[in-house]
Amino acid sequence: MLSVSWKLSRQFPPLVAIPFALSLGAALPFADANDLPDIIYRDVAVIGGGASGAYAAVRIRDDFHKSVALIEKQNILGGMVDTYVDQKTGKTFDYGVQSFLNVSGATDFFARFNISIGSSSSSSSSVTEYIDFRTGSKVDFEPPSSSKQISAIAKFLEVIEPWESMLFPGYWNFPEPSDIPDDFLIPFGEFLTKHGLEDGAPIIYASTGLGVGNMSEVTTMFALQSFGWDMARGLTGKMGLFTPTSGGNQVLYDAIAKDLGDDVLYSSTVIDSRRTDFGVFLTVRNHKTNKVTLIIARRLLVAIEPTKDNVKTLDLSPVESSTLAKFTYSNEFAGLVDNPVFNESTYYFNLPSSAAPDNTLVYQEDPMVASFQYTGLENLFRVMVIGNTTTTADEAKALSQESFNTLLKSGRFITSGQEQELSWAAFATHGAMHARVTVDQVKAGFFQDLYKLQGARSTWWTGGAFSANFQTQLWKFDEGLIPKILKGL
Ligand SMILES: Cc1cc2nc3c(=O)[nH]c(=O)nc-3n(C[C@H](O)[C@H](O)[C@H](O)COP(=O)(O)OP(=O)(O)OC[C@H]3O[C@@H](n4cnc5c(N)ncnc54)[C@H](O)[C@@H]3O)c2cc1C
């Protein structure tokens, strides 16, 4: 049964669109030979219902009164927000996103869905034990005192403050190659040493810096993307961090899902597309039902990491392909395990033995398990895995198992043993993030080339690779992007 749903604020040229869409559909294998695809018309199609895509869809539809279709591969919205709900007690634990930076406008977005928020507090009483997870040996690392670390972060903020508009909320003002600050292009460890900021390194690393792997070796501008201005403001009390007061962080995205209703196509991805200067034609398959929908939209917003796999069906031009292919990524995974051998008062943190006694600038190479951290729920511990560009979910799980066995055999837990299978209560593949390129590519004008893709062939790009990897910072980036997307509609 073919159905056509019209949701355009101004009518899309149907004579052009329908035959084109049908010709796309004709070649497709459907669930049933008699099932023709639905055809829907929208002002804006959005791919990816995580932080950047879900936010943009709400703003564009509800506040700018343009029709949207949001294509999301999972059966829920929220992307990297992973809230675990204890079935017995109903208590929640966020094992993905921990808290939201109070960037301007962020709390209003919660208020519109009547979600009450409170300041985020980490009330953990765990004692951090530094262990080399590769050998199981304790690392006698003594970090600087908390006050020394926070003072260093305040100084760090002073150093980086003049450069904020070059990287945030996106690369719109990224300097021409000859004007890039030298500090941007040196390894982050060297940058911290140059400015006498080594005391701040442990807190940068443990909060968000570890997402890039060996933080000391990463080019400073990309380390700044993984920590940066607002995190420094957050840690020095200049900016708040908040969370919903109940239900975990997923409550926001569940509320967005309710609001957007049938405008979200769940369990779906784009399997074929044509992008033109006057609109885009997307063939979308629901991977649960096999149902195919043709979306004809005047604009496309891509809100997923532009990895080779993610963009392979997006009808890329050679220039788009070669530009996006320059990115390399970390791959991140998080999960919960419930083996009762862990000590609930210990935060097991992975550092190389060379960190002892007080080297704040050495870290493990990726792929690595960053930590096992008590959640406060029964025996559940949160596991964080930082992978390299190619690390898969199976490899991340295998690495977690290996690190766990190493710690078990080395007597780091309350009971020792030879081997024990990790019991996973939850596992999430956050996938590619922290997109970065080489120093030579930055100097050759990569970010100017990247931003030339914005708006070309009716397509706009958001998400971490085009901005920074924090929820509310992406919302701010979207705020700047939305008027550009809607111009002329
Ligand atoms: C462990 C962890 C902890 C974090 N903690 C915080 C924190 O405390 N505070 C904070 O601000 N940020 C945090 N972040 C970072 C933050 O979550 C990300 O910056 C943010 O989610 C990125 O938003 P996005 O829209 O680019 O991608 P995502 O939120 O990942 O959304 C992408 C969406 O697209 C979907 N998708 C992917 N591929 C396709 C496809 N081909 N077709 C259709 N849909 C697709 C995905 O299922 C997902 O829903 C954390 C990240 C991780 C991994």
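**Entry 1: the ligand and its polar contacts**

I looked up Ser99 and found that one of its polar backbone atoms is 2.7 Å from a nitrogen atom of the ligand. I note that the model is predicted. Next I checked Ser52, where an N or O atom of the side chain is 2.6 Å from an oxygen atom of the ligand. For Gln74 I read 3.0 Å between a polar side-chain atom and an oxygen atom of the ligand. I then looked up the area: the ligand taken alone exposes 1,000 Å², and the protein buries 90% of that.

**Entry 2: the shell around the ligand**

I listed 32 residues around the ligand. Those that come nearest are Ser52, Glu72, Gln98, Ser99 and Gln471. I sorted the shell by type and got 11 nonpolar, 17 polar and 4 charged residues. I also looked up the elements that each supply at least two residues of the shell; among them are the helices α2 (51–63) and α16 (471–486) and the strand β12 (268–276). Strands β18 (381–387) and β19 (424–436) belong to that list as well.

I traced an open sheet of 7 strands in the order β9-β8-β16-β17-β18-β15-β19, and its pairing is mixed. The edge strands are β9 (137–138) and β19, since each pairs on one side only. I reminded myself that strands of a sheet pair through backbone hydrogen bonds, either parallel or antiparallel.

I went through some of the pairs. Strand β8 (residues 127–132) runs parallel to β16, and 5 bridges join them. Ile131 has Asn350 of β16 as its bridge partner. On β17 (residues 368–374), I found 2 bridges to β16 in the antiparallel sense. Here Phe349 stands opposite Ser371 of β17. β17 and β18 also run antiparallel, joined by 6 bridges, and Val369 stands opposite Val385 in β18.

**Entry 3: strand β16**

Is strand β16 largely enclosed or exposed? I checked residues 346–350 and found 5 of the 5 buried, so the strand is largely enclosed by the rest of the structure. I then looked up which way the side chains point. Thr346, Tyr348 and Asn350 point one way, whereas Tyr347 and Phe349 point the other way. Residues on both sides are buried.

Notes. Residues are numbered from 1 along each chain as its sequence is written. This is a predicted model: local features need pLDDT of at least 70, side-chain atom pairs count only at pLDDT 80 or more; totals for chains, interfaces and linings use all residues. Side-chain values use heavy atoms; hydrogens and water are left out. A residue is near a molecule or strand if one of its heavy atoms lies within 4 Å of it. A polar contact is a pair of N or O atoms within 3.5 Å; within protein, one must be able to donate a hydrogen and the other to accept it, and residues adjacent in sequence count only if both atoms are side-chain atoms. Accessible areas come from the Shrake-Rupley method with a 1.4 Å probe; for residues, only the protein chains shown count as cover. Helices (H or I, at least four residues) and strands (E, at least two) are DSSP runs, numbered from the N terminus. Ala, Val, Leu, Ile, Met, Phe, Trp, Tyr, Cys and Pro count as nonpolar, Asp, Glu, Lys and Arg as charged, and the others, Gly among them, as polar. Buried means under 20% relative accessible area, exposed over 50%, partly exposed in between (1.4 Å probe, protein chains only). Two strands pair if DSSP finds at least two bridges between them.
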